[in-house]
Amino acid sequence: MKLSEAFSIFLHEVRARKRSDSTFKNYDYLFRDWTRYANKHGLTDLNSFTQDEIRLWRDSWTTRTSTTKLRLTLLRTFFRFAVKEGWIDHFPMSNVLNPKVVSNPTLPFNRDEMLSLVVAAEDHIQEKALILLMRYAGLSIQDAVTCSRNHINGDTLILRRAKTGELVIAYLPDPVIESLRSITLNRSPYFFWSGESKPATATKFWRQRLKAVARKAGVADFKPHRLRDTFAVELLSNDVSIEDVSTLLGHSSINTTERHYAPWNKARRNRLIQITQNANLNDPLLQKLSKRSQKN
């Protein structure tokens with residue numbers, strides 16, 4: 001089976017299975033890079049890519065660790081498909097291991113930074129509404145940008161995340177509702193999107209607009225996702241369980257929530273402290289040390 005033919009059939013299946021545009025693009029970029037490598041080394045047949053050859057190709061990548069891990073995950077899916085289709089007779093990635101990914105710490109905005117962002121956006125109706133929506137609904141920027149007026153009923157937001165398909169339900173405070181209602185600049189059913197361009201294009205546009213607000217506000221290291229982080233951390237700091245935070249964020253697994261927000265889980269931290277305190281009450285060594293301290 002020629003690589004070009006295998007790629008074409010697989011990408012057709014990705015489209016037929018209604019996978020997201022971002023997933024399709026990830027495969028497309030991967031296959032383009034694979035084609036360049038294959039042409040350079042004269043490896044145009046799928047069977048040419050043994051485990052050793054895959055490792056050589058992987059070692060030539062200059063991508064970030066997280067991107068390398070994603071690429072390897074995509075490759076595994078492709079090769080499993082190839083085995084099922086009978087294009088190759090064995091799975092060649094059994095011992096091609098993922099790199100260790102060290103996640104950057106979550107950095108929510110503090111309350112002064114949030115106030116500065118809102119004040120800086122005061123003369124920009126949509127920017128202000130988008131900042132408040134992301135902060136108080138915990139939406140990713142794409143989900144916020146493509147949020148429809150039909151997603152809001154009274155003070156309740158209900159939608160499904162584009163990334164996971166998980167249902168998100170959130171209460172929106174009055175200032176958020178008022179900001180959204182003030183957007184009457186177009187007749188689109190969406191607050192921030194015409195509905196005509198691709199969601200990724202609209203998201204890129206608003207990402208730049210929010211960065212401009214952050215520069216005006218003097219907020220350093222601004223990333224829209226930090227608004228979502230702020231939503232999660234504020235909840236955890238107010239003793240909301242991480243299970244509920246996971247649901248509110250629309251995570252498909254609580255493991256994702258714990259990976260990003262475990263250091264901020266106040267309820268869990270307090271529970272662990274209480275467990276160790278209770279265990280130490282009956283420790284004979286601590287009792288003796290305490291009595292000796294009292295005598296002195």
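Helices (H or I, at least four residues) and strands (E, at least two) are DSSP runs numbered from the N terminus. The model shown is predicted: local features need pLDDT of at least 70, side-chain atom pairs count only at pLDDT 80 or more, and totals for chains, interfaces and linings use all residues. Residues are numbered from 1 along each chain as its sequence is written, and side-chain values use heavy atoms, with hydrogens and water left out.

**View 1. Lining of the second largest pocket.** On a 1 Å grid over the protein atoms alone, a pocket is an open set of points where a 1.4 Å probe fits, with protein on both sides within 12 Å along at least five of seven lines; lining residues have an atom within 4 Å of a point. The second largest pocket holds about 180 Å³ of space, a volume being the space filled by probe spheres set on the points, which are joined across faces, edges and corners. Its lining consists of F10, E13, V14, R17, R19, Y27, T77, R80, F81, K84 and E85. Two or more of these residues come from each of α1 (3-16) and α4 (65-85). The largest share, five residues, belongs to α4. By class, the lining has four nonpolar, one polar and six charged residues (Ala, Val, Leu, Ile, Met, Phe, Trp, Tyr, Cys and Pro count as nonpolar, Asp, Glu, Lys and Arg as charged, and the others, Gly among them, as polar).

**View 2. Helices α2 and α3.** The axes of α2 (residues 21-41) and α3 (residues 51-59) come within 11 Å and cross at roughly 105°; axes are lines fitted to C-alpha atoms, for helices over the stretch in contact, and angles run from 0 to 180 degrees between N-to-C directions. The two helices are therefore roughly perpendicular to each other (65 to 115 degrees; under 35 counts as roughly parallel, over 145 as roughly antiparallel, and the rest as oblique). L30, D33, W34 and Y37 of α2 are in contact with E53, L56 and W57 of α3, contact meaning heavy atoms within 4.5 Å. These residues divide into five nonpolar, no polar and two charged.

**View 3. Helices α5 and α9.** The axes of α5 (residues 111-120) and α9 (residues 199-217) come within 8 Å, crossing at roughly 110°. That makes α5 roughly perpendicular to α9. From α5, S116, L117 and A120 meet V213, A214, K216 and A217 of α9. The contact comprises five nonpolar, one polar and one charged residues.

**View 4. Helices α5 and α10.** Here α5 packs with α10 (residues 225-237) at an angle of about 135°, their axes 12 Å apart. That makes α5 oblique to α10. R111, E113, M114 and L117 of α5 make the contact with R226, L227, T230 and E234 of α10. Three nonpolar, one polar and four charged residues take part.
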